[in-house]
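Welcome! Take a look at it first, and then we can walk through some of its details together.

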Amino acid sequence: MAQKTQRTTRDRILDAANKLFYGEGIRAVSVDAVAEKAGITKKTLYYHFKSKDDLVTEYLISRDQPNLEAFATWFDEAEGSAADRTAAIFLRVASNARHPKWKGCGFIRTAAELANMPGHPAVVVGAKHKKAFEAWLAERYTLAGLMEPEVLARRVVLLMEGAFSTMLIHRDPAYAEEAADTAKCLVELQDKS
């Protein structure tokens with residue numbers, strides 16, 4: 001019989017922070033609310049995280065690899081050329097945005113809430129996440145033999161960030177679907193150069 005993995009207190013705190021910060025925003029959620037959702041005292045929360053800023057930073061760190069892995073999975077599972085696979089990422093984002101609990105990109109939302117604090121550790125984590133996605137795309141485009149893979153990756157990232165932002169404003173996943181078509185065209189152009 002498989003043994004159930006015991007969630008640590010730190011994991012429970014991060015799970016609660018993920019739900020609350022993503023659902024309501026980091027400024028709207030107090031440390032008390034996170035502690036209550038995790039079923040612990042505020043003192044216990046501060047034993048694991050030295051400050052709310054530390055908790056917000058760890059919240060984004062906990063989202064980093066799962067998000068990057070999702071993009072890689074969507075790309076790898078798609079059939080066709082690099083252009084088709086790139087479009088597939090956008091289409092999956094659009095599909096996810098149709099879920100009632102979708103609140104946009106947690107990295108962008110956090111950076112917006114901390115816009116007056118550009119050196120905040122959470123903003124730094126968000127920037128690293130976005131650069132990691134761009135580097136990953138450039139690597140895929142290099143493997144596909146596309147011209148100027150770094151430039152192409154940057155252009156596709158601009159489309160992705162624009163799609164995330166526009167969908168958040170208008171609550172319309174069709175923007176990501178349009179961005180999928182545009183990204184596909186961009187990648188196809190680099191394939192023919």
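Is Glu 177 buried, partly exposed or exposed? Glu 177 is partly exposed, because its relative accessible area is 29%. Keep in mind that this is a predicted model.

**Salt bridges**

- Altogether, the structure holds 10 salt bridges. Side chains of opposite charge can pair when their charged atoms come close.
- Glu 177 forms one of these salt bridges with Arg 98, with 2.9 Å from N to O. This pair links distant parts of the chain, since Glu 177 sits in helix α9 while Arg 98 is in the loop between α5 and α6 (106-113), 79 residues apart.
- Arg 7 and Asp 11 make a salt bridge at 3.8 Å, N to O. Arg 7 is partly exposed at 43% relative accessible area, and Asp 11 is partly exposed at 27%.

**How α5 and α9 pack**

- The axes of α5 and α9 are 8 Å apart, and the two helices pack at an angle of about 165°. Angles over 145 degrees count as roughly antiparallel, so α5 and α9 are roughly antiparallel to each other.
- The crossing of α5 with α9 is right-handed.
- On the α5 side, the residues in contact include Ala 87, Phe 90, Leu 91 and Ala 94. Among those they meet on the α9 side are Ala 176, Ala 179, Ala 180 and Ala 183.
- Sorted by class, this contact of α5 with α9 has 11 nonpolar, 1 polar and 4 charged residues.

**A closer look at Val 187**

- Val 187 is found in helix α9. Val 187 counts as buried because its relative accessibility is 1%, and the cut-off for buried is under 20%.
- Leaving out residues up to four places away in sequence, Val 187 touches Ala 82, Ala 83, Thr 86, Tyr 141, Leu 146, Leu 152 and Val 156.
- For a sense of scale, Val 187 and His 120 are 34 Å apart in space, C-alpha to C-alpha, and 67 residues apart in sequence.

**How α4 and α7 pack**

- Helix α4 (residues 52-77) and helix α7 (residues 121-143) have axes that come within 9 Å and cross at roughly 15°. That angle makes α4 roughly parallel to α7.
- α4 and α7 cross in a right-handed way.
- Residues of α4 in this contact include Leu 60, Ile 61, Leu 68, Phe 71 and Phe 75. From α7, the contributors include Val 125, His 129, Phe 133, Trp 136 and Arg 140.
- By class, the contact of α4 with α7 has 13 nonpolar, 4 polar and 3 charged residues.

Notes
Residues are numbered from 1 along each chain as its sequence is written. This is a predicted model: local features need pLDDT of at least 70, side-chain atom pairs count only at pLDDT 80 or more; totals for chains, interfaces and linings use all residues. Side-chain values use heavy atoms; hydrogens and water are left out. A salt bridge is a side-chain nitrogen of Lys or Arg within 4 Å of a carboxyl oxygen of Asp or Glu. Buried means under 20% relative accessible area, exposed over 50%, partly exposed in between (1.4 Å probe, protein chains only). Helices (H or I, at least four residues) and strands (E, at least two) are DSSP runs, numbered from the N terminus. Contact means heavy atoms within 4.5 Å. Axes are lines fitted to C-alpha atoms, for helices over the stretch in contact, and angles run from 0 to 180 degrees between N-to-C directions. Angles under 35 degrees count as roughly parallel, over 145 as roughly antiparallel, 65 to 115 as roughly perpendicular and the rest as oblique. A crossing is left-handed if the near helix is turned anticlockwise from the far one by less than a right angle, and right-handed if clockwise. Ala, Val, Leu, Ile, Met, Phe, Trp, Tyr, Cys and Pro count as nonpolar, Asp, Glu, Lys and Arg as charged, and the others, Gly among them, as polar.
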